[in-house]
Amino acid sequence: MALSDSVTTCLSPPVHYVICKLGFEKKDTYDINNILSKNGEVCWQAVTEHVCYLKSDQSVDYIKTIRSLGPVCESVNLHFKSLTKEQFVIQYALWFHWTNCTELFLELFDVLQYTQTTEVALGLMKLTSCLERALGDVYLLIGKDCPFLLRDLLASEQLAVVFGRAVMNVLRVFIGSPYGLNLRNVLWHGFASPQEIPAKYCAMLLFLTAGLGQLLQTYLLQTKCILVHRPYVILVSLEDLDVFPGKYLIISKFLLCYLNHEMLSIAEELVKLSSFVLKAMLPFWMAALTAFRQSRYADCVILLLPQLEVGLRLLFTTTNKCPNRLLTAEVKFLSKVNYDLMLAKHLDNEEVNQLPAVLEEPAMASILKEFLWDFLNHQEGPRIRDRLSHGEINLEAFPREVANQIVAFAITLLCRFSDEETFAFKEHMVIKPLMNCASCYRSRFHPISRLKKQVLECMKSVRLWPELPTVPEEHIQTIKGLEGNAEASTLILMIPEIISQLQQYMPQNCCSSDDPINSVLTERLLIALCDTHICTLYSPRPVLEVLVVLRKISTQCHQVSEQIIASTELRYKQWMNKTLRSRQRHNYLRMLNSIKFLSPVLRLILVLITLELVNIHLVCKKNPFDYQQYLKFLKSVLQYTENLVTYTSPEKNKWDETMELTNKALIKIRKISDRKLMLMQLAT
C-alpha cells in the first residue's frame, strides 16, 4: 500500500489529542448566558476565568485551559445554530466592522449551520487571516512596525493595552501559540485534514472576534482614536506571474482559455489517482477545484497551497527516509518542515536533501523549485501564501490569473506523481502542452532574473537618446568652451578600447570590430546574454552580495537615462520657445555635448554588469582577498553611477564634473580589465 493511502492523519499523537479530544473531555453543559449578556455583549471576565496558569511562572497552562473552554465553545456553537441569519446579523454584524471584512464573518455563520468539514476548515483559514490583519491595524494605533508573526502580535504590549492581557491570552489558546490549539498554523501548513478541525472552535473564534469589536469600540471612544485600515496589497504586473513566458505566450493563452470544465474534470480524476495526494486530504483538493469552477479564486488558492506543501512533505519524508516528519505538527518542527526545508540543499543534520535529486528530470527540477520560490518566497515575487495567510490581499478581488497558475502547477505535480494507469491523462491534448510549458519555466523573481529585466529596461531607455530632439550641431560649436572638446573625444575613444578587451567574452554574432558599442548591437548583445540560463537555486552569500551591487548600478544607470531624456525634451522645448537665459542655453549645449560620451558609457556599463552576471557563480572561486578587491571595484562603479545621478539631475546640471568623473571611472575599469580581476575573465 502506498504511503499516501496508509496515512490517516498528519497530526502527531500529542497534537491530535489537543485538537481532537482535549476540548471534549468535560461533558458539562455550559449556559451561554454566562458569557453573553442580555444586550448581546460578550462577558469577557467570564471567558477569561477559564484561562488557567502554571504555578511555576504564571504562563498559560494550555492543556487545562483548552479542557476548561471545551464546553464553552460547544455552547457558543449551539447558540449560533439556534439563531436565524437575520437574528445573527442584527446581533453581531456591527461588531465585525472593525475587521474590514464584515461579509466574510457573516458568511461563516452559514458555514456553521451546515457543518461541512472542508468549509469549516476553509472558513477558519480565512477568519484567522482577516483577524490577524485587523489586529495589526489595531496594533498601529499605538505601535509603529507591526510584527510579522501572529504569535508576536498577540503577545505584544500594544494589543494588551487595547484589549487587556487576559483577553489576548484567550486568543492565544486558539491561534498564535504553538503550545495551544494553534489552529491557524496546522491548517495553513496542511497538517490538519477537514474532519480533524472541530466546528465549535470556528464558532468560538467568530464569537471572540465580535467581543474584540466591542472592546475596541470602548477603547476608541475613550481615547478619541480612529482605526485606520491599511490598504491591501495589489498584485501588479500579472504578466510576470505567467508560468509560460516568451515563445509559449500563445500556448499560455490557449491553456488559460481551456482551464475549464474539461481540464478541471481531468484534474479531479488525477487527484484520486496521484500518489502526491494524501487520501485524508482528498476533500481539500476537490473543494479547491470546485472553488475554481465557481470563480472563487481566493478560496481555491487558500485550499490548494497547504495541500501542495503536504504533497511535497510526503515526497520529502519518503525520499529522505524520515516518515516521522510527515506527522509532526509540534512546536519544535512546525515552523521547520516547510518549503524552505524541503527545497534546501541540506537537511538540518547537514545530510544532503534527496528530494531535489528525485525531481531532477528537467520538467520537475525547474518548475517545482523555481516556481515555488518565485510564487512563495522571493521578496520581489507575489509571496502568495504569506500575503493570503496574513490577510494582506483582498479576497474578493483575488486575480484569476494567479489562481490559474497555481491550479496548472498543481496539475503538473499530480501528473508527475501518478502511476502508469494515468498515462492517457498525461498524453491528453490539453495536459501534454501544459507539461511541456512547465518544463521550460525559468525564475522570474530571483535577483538574477530581476537584474536581467532591469538591464534590458535600462537599455530600452538609452536606446531612445538618438531620437531625442536636439538643436543643430553648428549651434553647439559656436558656444565658447565647447569647440573641439578634446576630453570628450578622449573618453569616446577609450570606450571601444575597453570593449575590445571584453570582446572575447561576448557572443561573436553580437559584436562588430568597426563599431563595438553600436546601440543596436549592444541591445542584441544584452538580449543574448540575458537569455543565458543562470542557476538561481542555492545561491551562496557572495553571489547574492554581488547581485545587490550590480542591481544598484543598473538602477542608477536607468535613473541617469530617464533624467537626461526628461531634461533634453524640456530644454529643447524651452530653446525653441526662446525662454532660456544665456547661462541656461550654455548649460543645455554642454549637456548635449556630454550625451555623446554618456550614451556609450552607459551601454558599456550595462554590457559589463551583464557579462559579470552571466559568470556570477565564479565569484565563489575567488579567495577572500580577491573577493574583497572585486567587491571594492564594483562599489566604485556604483559610486560613479550614483554621482552621475546627482550631477545630471535638473537641480545640478554639472556637466564638466560629469566628464571628469567618467574619465576616472573608465580608467579604473580599464585597469581592472588589464589585471583580469573580472568574473568573465575567470571563465577562460
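Of the contacts in the chain between residues at least 6 apart in sequence, 76% join residues at least 24 apart. The model is predicted. Its secondary structure comes to 33 helices and 0 strands.

**Burial and surface**

- The chain has 684 residues, and buried residues make up 56% of them.

**Threonine 102**

- Threonine 102 lies in helix H6, which covers residues 102–114.
- With a relative accessible area of 16%, threonine 102 is buried, because the cut-off for buried is under 20%.
- Leaving aside residues up to four places away in sequence, threonine 102 touches Ala93, Phe96 and His97.

**Helices H6 and H12**

- Two packed helices are described by the angle between their axes and the distance between the axes.
- For H6 and helix H12 (residues 199–223), the angle is about 150 degrees and the axes are 11 Å apart.
- H6 and H12 are therefore roughly antiparallel to each other, a term that applies to angles over 145 degrees.
- H6 and H12 make a left-handed crossing.
- On the H6 side, Phe105, Leu108, Phe109 and Leu112 take part; they meet Ala199, Cys202, Ala203, Leu206 and Thr209 of H12.

**Helix H24**

- Helix H24 spans residues 431–439, and its residues Ile431, Leu434, Met435, Cys437 and Ala438 are buried.
- These residues cover an arc of only 165 degrees around the axis, so they sit on the same side of H24.

Conventions:
Residues are numbered from 1 along each chain as its sequence is written. This is a predicted model: local features need pLDDT of at least 70, side-chain atom pairs count only at pLDDT 80 or more; totals for chains, interfaces and linings use all residues. Side-chain values use heavy atoms; hydrogens and water are left out. Helices (H or I, at least four residues) and strands (E, at least two) are DSSP runs, numbered from the N terminus. Buried means under 20% relative accessible area, exposed over 50%, partly exposed in between (1.4 Å probe, protein chains only). Contact means heavy atoms within 4.5 Å. The arc is that of the directions from the helix axis to the C-beta atoms. Axes are lines fitted to C-alpha atoms, for helices over the stretch in contact, and angles run from 0 to 180 degrees between N-to-C directions. Angles under 35 degrees count as roughly parallel, over 145 as roughly antiparallel, 65 to 115 as roughly perpendicular and the rest as oblique. A crossing is left-handed if the near helix is turned anticlockwise from the far one by less than a right angle, and right-handed if clockwise.
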